[in-house]
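Please look through this structure with me. My notes follow as numbered points.

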Amino acid sequence: MEIWPGRDHPLGAHPDADGTNFALFSDGAQSVTLCLFAADGVETRLPLTEVDGYVWHGYVPGVGAGQRYGYRVDGPWEPANGLRFNAAKLLLDPYAKAIEGVVDWGQEVFGYELGQPLVRNDADSAAHTCRGVVVDDAFDWSDGAGKPDESPDIPYHQSVIYEAHVKGLTALHPDVPEHQRGSYAAVAHPSVVAHLKNLGVTAVELMPVHQFVQDERLLAAGLRNYWGYNTIGFFAPHNEYASTQDPGGHVREFQEMVKELHRNGLEVILDVVYNHTAEGSHLGPTLSFRGIDNDAYYRLQDENEELYLDYTGTGNSFNVRQPHSLQLIMDSLRYWVTEMHVDGFRFDLAATLAREFYDVDKLSSFFEMVQQDPVVSRVKLIAEPWDLGPGGYQVGNFPPQWTEWNGKYRDTVRDFWRGEPSTLGEFASRLTGSSDLYGHSGRRPVASINFVTAHDGFTLADLVSYNSKHNEANGEDNRDGESHNRSWNSGVEGPTDDPAVLALRARQQRNFLATLMLSQGVPMLLHGDELGRTQHGNNNAYAQDSPLSWIDWGSADAGLIDFVARLGRLREAHPVFRRRRFFDGRPVERGDDAELPDIAWLRPDGAAMAPADWDSGFGRSIAVFLNGDGIPDCDARGRAVVDDCFLLLFNGGDGHIDFTLPGGDYATRWVAEIHTDGLVTGEFGAGAVVPVAARSVLVLRAPDRD
């Protein structure tokens, strides 16, 4: 087979009308061989003799889309010096846009002899690992009438994010055709889309869809890596989530999903894992990066380069100090925006990407690259602002361009509703956008991605049903998963038939959801929480690719779905719940010459909160006045944003509380909009005394502008 010199850019496999150009970076390689595989598995090896700037390249005429390929890279085998070249191992192209096959975990995929990590294993791995596939990713993004696909481009302050798993969301959906369930196509099914829109969701945040590898340990135990935080291909959609067997079809199906979600006004955000790869520690397999250029792609320990620095708990950390490794991350991000049209990214363990040396540094090269990139800098960038290394908890410390999963919001709201003392002051801060975390750096309330539950931890139904984790199904004797969940079982651990306990649990779920949807910042819902999904107390379902973690649509709580939809409509209709700037507490002039602050904190008796009230150890009840005349925002045409005034009554105590509704300048009448206990309805005059049930929220609106 003929091979021409080709070009050293772009990296990866790029077909044209006459053939395909292949380019691979490797600094320390002594030789690189391109391996092409026929349909019957026969391998053709073509040495790449051209190398420029450590990029090995060649053009193969007659090779096009559908071609299976990989690389063999030869060089020194010196693990003690961080060099792990082994030409017997077929290596996946880091830039492969589609991937076929799986890793079968035979001895052949390891670069060393098992039990002898310094002895090279020369068994051929080609039949035991996955391969890249050349694809033509050109796609017609138009709607058929010539109108191009456009991102909904929804501002943060109008966003409601829905964290979802491609398979878990749709594997049991009765309206989705059986052959599509658990796939990209299923996510865009009309029934799924209608459900999301009914909730008021504006963006679907998909858990990892980059190609990932199943863990050997889990497979041996009869389990599977369900979450997918085990990436091996940063450009390829995970092949098991496609309803078609054609690797090129994996790309098109993902593109079709994005196109359909965009057509319905929904953004697509990807949960991306650039902090580590599936090759694990020094005892892991040689699948791609390790065999291509180990010390370029991974952080090695200075005192012992046989071992890896591990800030992620997975065995390795990606080397963001190396220019080509950083280039790979940026090229991947740009690809998903420009060719796959996604609208943003949530970065798993993002603090690791900021460790240019050892400490987390918001001036690191990674942040500089993102800041100046004309493509990546314009999409939504969400950080999981922590990792497992020293000083890794960085909530509030990311650059102004970024938003963050606000772990302190989660913890505080959980503590408030489970009845922890001395939480009222911090609860107020979290409810109003966490200015203590984000205001000092010039950021706004939308920097806070508010959540109560996420994939990692209890579901909402389990949060109110279990005091302790129940992870026995994971096969680790219940040692895995977080032990301090800030949960409360409402009096009985696990399932119960007690109607009083069931009623309390239902109310607590509504309390969490109401707090979340009415807080300043960006709310994030966990898929299935809106319909009462349970994992039966498992708070670490990473290995549960089964009905335990999939949404059971057949047992959905229709009443809870309707409640969330009502909250979504209320938030969408009233900008006072989604301000773009923090409250300042200053008086605001109204047309009737009255002056009230943009926010006021009131005791149940209607009097303003005094400093001593905040410090009350067991104070768990408060009224919050939100002034619709005090929104310091303008609309797209520069007009002042004005809204109704609202009164939020929170009773986190164990008994009902009588709240005296404020009158005078506040309002002449109040109308009940939401009550998590479901008993208070109708209209009330100023000064009325309204009983608010134990552990409940009542939302009142002053309808002066009706």
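1. Start with the lining of the largest cavity. His165, Met207, Tyr226, Trp227 and His455 belong to this lining, along with Leu526, His527, Arg533, Gln535 and Ser549. Keep in mind that this is a predicted model. By class, the lining holds four nonpolar residues, five polar ones and one charged residue. The space inside the largest cavity is about 70 Å³.

2. How many cavities of 30 Å³ or more are there? The count is four.

3. Now take the second largest cavity. Its space is about 60 Å³. Val452, Thr453, Leu460, Phe512, Leu513, Leu516, Met524, Leu525, Leu526 and Asp529 form the lining. Sorted by class, the lining has eight nonpolar residues, one polar and one charged.

4. Leu526 is in the lining of the largest cavity. Leu526 is also in the lining of the second largest cavity.

5. Next, the largest pocket. The volume of the largest pocket is about 1,400 Å³. It is lined by 49 residues, and those closest to its centre are Trp227, Thr312, Leu388, Asp456 and Asn540. Trp227 also lines the largest cavity. Helices α4 (216–220) and α9 (407–418) each give at least two residues to the pocket lining. By class, that lining has 15 nonpolar, 18 polar and 16 charged residues.

6. Turn to a helix pair. Helix α13 covers residues 499–518, and helix α14 covers residues 558–573. Their axes come within 10 Å. At what angle do the axes cross? The angle is roughly 20°. Angles under 35 degrees count as roughly parallel, and α13 and α14 are therefore roughly parallel to each other. The crossing of α13 and α14 is right-handed.

7. Which residues meet where α13 and α14 are in contact? From α13 come Gln509, Arg510, Leu513, Ala514, Met517 and Leu518. From α14 come Leu560, Phe563, Val564, Leu567, Gly568, Leu570 and Arg571. The contact has nine nonpolar, two polar and two charged residues.

8. One last link. Leu513 in α13 takes part in the contact with α14. Leu513 also lines the second largest cavity.

Conventions
Residues numbered from 1 in each chain as written. Predicted model: local features only at pLDDT ≥ 70, side-chain atom pairs only at ≥ 80, totals over all residues. Heavy atoms only, no water. Axes fitted to C-alpha atoms, helices over the stretch in contact; angles between N-to-C directions. Helix = DSSP H or I, 4+ residues; strand = E, 2+ residues; numbered from the N terminus. Parallel < 35°, antiparallel > 145°, perpendicular 65-115°, else oblique. Left-handed = near helix turned anticlockwise from the far one by under 90°. Contact = heavy atoms within 4.5 Å. Nonpolar A, V, L, I, M, F, W, Y, C, P; charged D, E, K, R; others polar. 1 Å grid on protein atoms, 1.4 Å probe; cavity = no way out; pocket = protein on both sides within 12 Å on 5 of 7 lines; lining within 4 Å. Points joined across faces, edges and corners; volume = space filled by probe spheres on them.
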